[in-house]
Amino acid sequence: GYGVRMMSTSLATVHGADLDPESVAYAKAHSSQKNVEFFVEDITDMSFDDDSYDAVTSFETLEHVSEEACLKELQRIIKPGGMLVLSTPQNSYGHIPVNSCHIVEYSLDYLLNLVGQYFHIVKVIGIKAGIIHDDADPYGTNTVLVCIKPIR
């Protein structure tokens, strides 16, 4: 709920979702913002309507789930022309996760190719030791992609 609370100060409505009911209950209990709602959702099979969101953030999730199912669901719920901001650890070895909780950690090239199948990538941000770097140097320990859902 931390990111949701931060975004709620600048946006009309913010929804937060997590697979873990206890995390959602905690977020609800610690949120007093009137423009915030929390949901228990599986990012690979969400209950939200097609084309229902102007923008979605997905931070440090893709590496934990089926990438195809996740990206298809994100594409489904985002309106045409809508935005996705996605972050995931960056690993030059890609297929060898440093964190044992990750299914995969992505090389930058693999991630760009993968996400590019579903969204138009407009910005690539590399994060190194907690410092944000822009397109001039997109390599780092984490990658943030700013993407747009193509208009049909």
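Modeller: Here are some notes on pockets, charged pairs, cysteines and backbone angles.

Modeller: This is a predicted model, so local features need pLDDT of at least 70 and side-chain atom pairs count only at pLDDT 80 or more, while totals for chains, interfaces and linings use all residues. Residues are numbered from 1 along each chain as its sequence is written, and side-chain values use heavy atoms, with hydrogens and water left out.

Biologist: What volume does the largest pocket have?

Modeller: The largest pocket has a volume of about 1,100 Å³, and of the 37 residues that line it, Val4, His15, Gly16, Ala17 and Thr57 are the closest to its centre. A pocket here is an open set of points on a 1 Å grid over the protein atoms alone, where a 1.4 Å probe fits, with protein on both sides within 12 Å along at least five of seven lines, and lining residues have an atom within 4 Å of a point. Grid points are joined across faces, edges and corners, and the volume is the space filled by probe spheres set on the points.

Biologist: Which elements supply that lining of the largest pocket?

Modeller: Those that each supply at least two residues include helix 1 (2-8), strand 1 (14-18), helix 2 (21-29) and strand 3 (53-59). The largest share, seven residues, comes from strand 3. Helices (H or I, at least four residues) and strands (E, at least two) are DSSP runs, numbered from the N terminus.

Biologist: And how does the lining of the largest pocket divide by class?

Modeller: The lining has 22 nonpolar, ten polar and five charged residues, where Ala, Val, Leu, Ile, Met, Phe, Trp, Tyr, Cys and Pro count as nonpolar, Asp, Glu, Lys and Arg as charged, and the others, Gly among them, as polar.

Biologist: What lines the second largest pocket?

Modeller: The second largest pocket, with a volume of about 160 Å³, is lined by Tyr2, Gly3, Met6, Met7 and Phe59. Helix 1 gives the most to that lining, with four residues, and the lining divides into four nonpolar, one polar and no charged.

Biologist: Switching topic, how many salt bridges are there?

Modeller: The count comes to five, taking a salt bridge as a side-chain nitrogen of Lys or Arg within 4 Å of a carboxyl oxygen of Asp or Glu. One of them joins lysine 149 and aspartate 51, whose closest N and O atoms are 2.7 Å apart. Lysine 149 lies in the segment after strand 7 (142-148) and aspartate 51 in the loop between strand 2 and strand 3, so the pair ties together parts that are 98 residues apart in sequence.

Biologist: Is lysine 149 buried or exposed?

Modeller: Lysine 149 is buried, with a relative accessible area of 5%, whereas aspartate 51 is partly exposed at 23%. Buried means under 20% relative accessible area, exposed over 50%, and partly exposed in between (1.4 Å probe, protein chains only).

Biologist: Which residue forms a salt bridge with arginine 76?

Modeller: Arginine 76 meets glutamate 73 in a salt bridge (2.8 Å, N to O), and both lie in helix 3, three residues apart, about one turn of the helix. Salt bridges that share partners join Asp50, Glu73 and Arg76 into one network. Arginine 76 is partly exposed, with a relative accessible area of 22%, while glutamate 73 counts as buried at 10%.

Biologist: How many disulfides does a search of the whole structure find?

Modeller: The search finds zero disulfides, a disulfide being a pair of cysteine sulfur atoms within 2.5 Å. Cysteine 70 is buried, with a relative accessible area of 0%, and cysteine 147 also counts as buried, at 0%.

Biologist: What does valine 122 touch?

Modeller: Not counting residues up to four places away in sequence, valine 122 touches Val146, Cys147 and Ile148, where contact means heavy atoms within 4.5 Å. The C-alpha atoms of valine 122 and cysteine 147 are separated by 5.5 Å, with the two residues 25 apart along the chain. Valine 122 itself sits in strand 5 (residues 120-128) and counts as partly exposed, at 44% relative accessibility.

Biologist: Last topic, what is phi of aspartate 51?

Modeller: Phi of aspartate 51 is near 50°, a positive value in a residue other than glycine. Most residues other than glycine have a negative phi. Glutamate 60 also has a positive phi, of about 55°, and its place is in the loop between strand 3 and helix 3, where glutamate 60 is partly exposed, with a relative accessible area of 32%.
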